[in-house]
2 protein chains.
Amino acid sequence: MSHPYTPRDLNLEDYVPNFLSQSTILAVYGIASLLVVFLIWVLSGRSSKISKIDRWLMCWWAFTGLTHLILEGYFAFSPEFYKDKSGCYLAEVWKEYSKGDSRYAARDAGVVAVEGLTAVLEGPASLLAVIAIAKGKSYSYILQLAISLGQLYGTAVYFITSYLEGDKFAASPYYYYAYYVAANASWVVIPSLICIRCWKKICSAVQLQGQKKTKVR
Amino acid sequence: MSHPYTPRDLNLEDYVPNFLSQSTILAVYGIASLLVVFLIWVLSGRSSKISKIDRWLMCWWAFTGLTHLILEGYFAFSPEFYKDKSGCYLAEVWKEYSKGDSRYAARDAGVVAVEGLTAVLEGPASLLAVIAIAKGKSYSYILQLAISLGQLYGTAVYFITSYLEGDKFAASPYYYYAYYVAANASWVVIPSLICIRCWKKICSAVQLQGQKKTKVR
């Protein structure tokens, strides 16, 4: 059976086409994500100590953590998702996304390495960040910065390897811009903003500590 | 001309063998590194404000920064180093190192992406860390942690991609353990130790700031 991916000569024996439509796949992900955000927003609102920006950050960390753990975790450990006949939603997601980047179906080592690290390290760490913010832990900023740097590094490796290999993995310009560019853009913009914020917070804390030490002297 | 790398069927047209011996290549790198460490140790010793551990860290950042910028920077932007006929030392380094990991000569996209990021971002940032420690800047810890996380992430991608592709890129077990394992081990152990140290320092500073805020209330 032929596959819908580019390059056309990619060999994917026993490929099984999508059972679900693009709109169904996106709707399930969108609605599930909105539910998570809504839940975290409501729960975090019950504490008057948590600022609005921290509540938004909790929503982001819950959303991105569950995406890393469930979606990317499934991909990292399912080399044969494109053969799935059961209609499993997670396999459907990656069959669909591979139209924007066939390296997923082709099991490119760079993509699997980045997705594996993201799922195994950044997934649980993101959920820990939700708790760290809620409880006002002292490691909250540094944890958020560490995960965001990991996300940025992973996204950089992801884009650079594709560029070096000729940027030829999308089935059409539509899939290139909708999946490869737009879907990944959030993981460039939001981690960058979080990095800048945490960097400033940490610097001011360290500066204060330095001033205190000088005073003690 | 045949090449000394594994896998044997790797196609490297116009390959030119090493001009320098292994001991010469290693001696130049070793002596140059020791000179850098010696210079930074002496210069940093002229200030009584810099602690011994910070002086060692300055030596590390100068050594690793120059390694990233010069050695890895050359590799990242020299796709044809294995054809070099001039006896250029930097080309000799990578011709030699490719015996431990032929993906360098083969221009593997994952390796080039990681080395490119390391050279362009972590190289200059490491040299900035030398200055940041010397001047006691408030961003010193967070900068060191950010670079160390980048080094760890890069090394993880480096090892995982090789594992996923069958771990079959060393010319012999000797080169595997001497180059691929031992030479990279420093960039696992030292960044890990620096991460732990900076994490603790930052947490205690943030905690102190939190306590101060609570008192003000």
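In this predicted model, chain B is superposed on chain A by a rotation of 180 degrees with 0.0 Å of shift along its axis, the RMSD being 0.0 Å. The two copies are thus related as by a two-fold rotation axis.

**Interface**

Contact between the copies involves 30 residues of chain B and 30 residues of chain A. On the side of chain B that touches chain A, the elements giving two or more residues are helix 5 (109–134), helix 6 (140–164) and helix 7 (173–216) of chain B. Helix 6 of chain B supplies the largest share, eleven residues. By class, this side of chain B comprises 21 nonpolar residues, eight polar residues and one charged residue. Of the interface residues of chain B, 100% are also interface residues in chain A, so the copies meet through the same surface.

Chain A contains six helices and zero strands, and from the N terminus on its elements follow the order α-α-α-α-α-α. The C-alpha trace of chain A spans about 75 × 40 × 25 Å along its principal axes. Of the 217 residues in chain A, 38% are buried. Where contacts in chain A link residues at least 6 apart in sequence, 74% of them join residues at least 24 apart.

The largest nonpolar core holds 90 residues, and I202(A) and I202(B) have the most contacts inside it. Which residues does I202(B) contact, leaving aside its neighbours within four places in sequence? In chain A they are I142(A), I202(A) and V206(A), and in chain B they are Y141(B) and I142(B).

**Helix packing in chain B**

Two packed helices are described by the angle between their axes and the distance between the axes. For helix 1 (residues 22–45) and helix 3 (residues 89–97) of chain B, the angle is about 120 degrees and the axes lie 10 Å apart. The crossing of helix 1 of chain B past helix 3 of chain B is left-handed. From helix 1 of chain B, Q22(B), I25(B) and V28(B) meet Y89(B), E92(B), V93(B) and E96(B) of helix 3 of chain B. This contact has four nonpolar, one polar and two charged residues.

Q211(B) is placed in helix 7 of chain B. With 11 other C-beta atoms within 10 Å, Q211(B) is exposed.

**Backbone features**

| Peptide bond | Omega |
|---|---|
| T6(A) to P7(A), cis | near 0 degrees |
| T6(B) to P7(B), cis | about 0 degrees |

P7(A) is found in the segment before helix 1 (22–45) of chain A, and P7(B) lies in the segment before helix 1 of chain B.

Positive phi values also occur in residues other than glycine. R107(A), which is not a glycine, has a positive phi of about 60 degrees. R107(A) belongs to the loop between helix 3 (89–97) and helix 4 (109–134) of chain A. R107(A) has 15 other C-beta atoms within 10 Å and is therefore partly exposed. In chain B, D167(B) has a positive phi near 50 degrees, although D167(B) is a residue other than glycine. D167(B) is placed in the loop between helix 6 and helix 7 of chain B. Because D167(B) has 11 C-beta neighbours inside 10 Å, D167(B) counts as exposed.

Conventions. Residues numbered from 1 in each chain as written. Chains lettered and ligands numbered in written order. Predicted model: local features only at pLDDT ≥ 70, side-chain atom pairs only at ≥ 80, totals over all residues. Least-squares fit on C-alpha atoms with pLDDT ≥ 70 in both. Contact = placed C-beta atoms within 7 Å. Helix = DSSP H or I, 4+ residues; strand = E, 2+ residues; numbered from the N terminus. Nonpolar A, V, L, I, M, F, W, Y, C, P; charged D, E, K, R; others polar. Buried ≥ 20, exposed ≤ 12 C-beta atoms within 10 Å, placed from the backbone. Core = buried A, V, L, I, M, F, W, Y, C linked by C-beta atoms within 7 Å. Axes fitted to C-alpha atoms, helices over the stretch in contact; angles between N-to-C directions. Left-handed = near helix turned anticlockwise from the far one by under 90°.
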